[in-house]
Amino acid sequence: MFALGPRSPRGDEADGGDKLADAARLHEGDQAAGAVGMPSSSSSSSSSSSSSSSSPPPSPRPLPPPASPPFSASPPSLPSPPSPAWPPEARPTPGPPRRGAGAAGRPGSGGGALFWWLRERRLGRGLYVDPARDNFRAMTSLYSSIQPADSVYLSTRTHGAVFNLEYSPDGSVLTVACEQTEVLLFDPISSKHIKTLSEAHEDCVNNIRFLDNRLFATCSDDTTIALWDLRKLNTKVCTLHGHTSWVKNIEYDTNTRLLVTSGFDGNVIIWDTNRCTEEGCPHKKFFHTRFLMRMRLTPDCSKMLISTSSGYLLILHDLDLTKSLEVGSYPILRARRTASGSDMSSSPSSSGPRASGSPCHLSDSNPLCEKHTTRTSQREGASPRNSLEVLTPEVPGERDRGNCITSLQLHPKGWATLLRCSSNTDDQEWTCVYEFQEGGPVRPVSPRCSLRLTHYIEEANVGRGYIKELCFSPDGRMISSPHGYGIRLLGFDVQCSELVDCLPKEAGLLQEIRSLYSHNDVVLTTKFSPTHCQIASGCLSGRVSLYQPKF
């Protein structure tokens, strides 16, 4: 079918439509005639007229300039599509403008406004054209209306306190790590109990990590790690032995399929799941430090962060998990205190206070702090793998006192780290956000990446001695933090903006978006669902609560 050209804004609607239809049929006839090698009716009539009359044929009139499309809202830099070449007999005649189209496609009444808005959205203009921001506004509205929905509280009450919560990547299963050797599995949508792994370990279960939608790993105070398959929960896939003390958390590198665990023995161990058998996986000790509390990998696995009970934060840059790091086998950057606000103008190589529990004393016989001066020449002009940086994160109100970093989380996009810190006397507790400061070193001995305190808030000092696990939302705009007998939803500002959109010059307070209380005991852990607008929390008495929007 021949594509009709733009209608003249002055042509009559009915008369113009008839003429355009006749012109299209006439043009199709000319094309068909030309395809079979026969003259068209117009050419034959012209030839007969010329043969019967001696007067010359009239010269064709010039074509009028093409009119703008009725819904044209493109900028001048975007040319309109070319109009088809009309036959002389098929020129559109002037007529009145079409009803409901608006002048030149600008927002008007009828369907013109709708088409204009769609075109603007496609071109990336207007207030509501970014799908990510549209989704963000919708999710913020949902979280602002969230309420306690269901509570999972088994009548047996044999599982004890809830230490950790973990969703499967597709959000279809919620797993619960319990104090009394058990792992619970729930359907988070229906809030129904699926299964209880009553003898998952011989001691309390500390952490759960999904490798994919069906495989997950658990670690325990019995010094072991267990691999499980959701399709066959009656038996373990295998049990991993290698730690000599309580195993506290698990990380997983999806690119290399290496499992990374850490424990109170100070060891970080790498497990090769590519060669996993029923008897276990090949493993090696990757790193060791004293007073180790938590270990995390950045989303791109380029850094490893380790928190300690002595208040130090260790960062391994340009991470290479295939190499085992022994004492003195890697360069160490000078230990320093993180900056915030005006402190950023100070020298980046200034050393912070060092306590007797400094992680630099990794070996009593050969401390690493004596090594960094001899490694300086190796770092000049090069970026070695697995270079170590030792920081003392600044905590508000704790400038002159030591602190313990009990919980460590990372921003989903790797922009920042989230710490839960408590004073050595357990009389204060803080939630702090530190932005990664990327860039090359100012001096060979200065850090290549430092942390800057951007946001903080003081927490309720309830449940002393217990670790409270907090988390980022999947988009990184919100933080869910245990707060007494409930949880608090925190944002970088009241609009829950991205961290990069609201970075203060000096450290500021996190904004409380909503507080939710549904427990009768101290909340120890909380988790966002990766796929649904849902939050789960677990408390010291073993109750698991789910929060969902209610309208």
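## Basis of the model

The model is predicted, so that local features need pLDDT of at least 70 and side-chain atom pairs count only at pLDDT 80 or more, while totals for chains, interfaces and linings use all residues. Residues are numbered from 1 along each chain as its sequence is written, and side-chain values use heavy atoms, with hydrogens and water left out.

## Overall make-up

The protein has five helices and 30 strands. Helices (H or I, at least four residues) and strands (E, at least two) are DSSP runs, numbered from the N terminus.

Of its 551 residues, 48% count as buried. Buried means under 20% relative accessible area, exposed over 50%, and partly exposed in between, with a 1.4 Å probe and protein chains only. Among contacts with a separation of 6 or more, 58% come from residues 24 or more positions apart; a contact means heavy atoms within 4.5 Å.

## The largest pocket

Rolling a probe the size of a water molecule over the atoms shows where empty space is left. On a 1 Å grid over the protein atoms alone, a cavity is a set of points where a 1.4 Å probe fits but cannot get out, whereas a pocket is an open set with protein on both sides within 12 Å along at least five of seven lines; lining residues have an atom within 4 Å of a point. Grid points are joined across faces, edges and corners, and a volume is the space filled by probe spheres set on the points.

The largest pocket holds about 970 Å³ of space. Its lining consists of 37 residues, and Glu166, Arg209, Gln409, Leu410 and Lys527 lie nearest the centre. Elements that give two or more residues to this lining include strand S2 (162–167), strand S6 (205–210) and strand S19 (403–410). The lining divides into 18 nonpolar, eleven polar and eight charged residues. Here Ala, Val, Leu, Ile, Met, Phe, Trp, Tyr, Cys and Pro count as nonpolar, Asp, Glu, Lys and Arg as charged, and the others, Gly among them, as polar.

## Rings and charges

Rings of Phe, Tyr and Trp (its six-membered ring) pair if their centres lie within 6.5 Å; planes under 30 degrees apart count as stacked, over 60 as edge-to-face and the rest as tilted. The count comes to four aromatic pairs. One of them joins Phe210 and Phe216, a tilted pair with 5.3 Å centre to centre and 40° between the planes. The rings of Phe216 and Trp228 have centres 6.4 Å apart and planes at 15°, so this pair is stacked. Because Phe216 lies in strand S7 (residues 215–220) and Trp228 in strand S8 (residues 224–229), the pair ties together parts twelve residues apart in sequence.

A charge sits over a ring if NZ of Lys or CZ of Arg is within 6 Å of the ring centre and within 35 degrees of the ring normal. Lys248 lies over the face of Phe264, 5.0 Å from the ring centre, and the charged end of Lys303 sits over the ring of Phe436, 5.7 Å from its centre.

Asn267 belongs to strand S12 (residues 267–272) and is buried, at 11% relative accessible area. The C-alpha atoms of Asn267 and Lys285, 18 residues apart along the chain, are separated by 6.7 Å.

Thr454 lies in strand S22 (residues 450–458) and is buried, with a relative accessible area of 0%. Leaving aside neighbours within four places in sequence, Thr454 contacts residues including Val433, Leu499 and Gly508.
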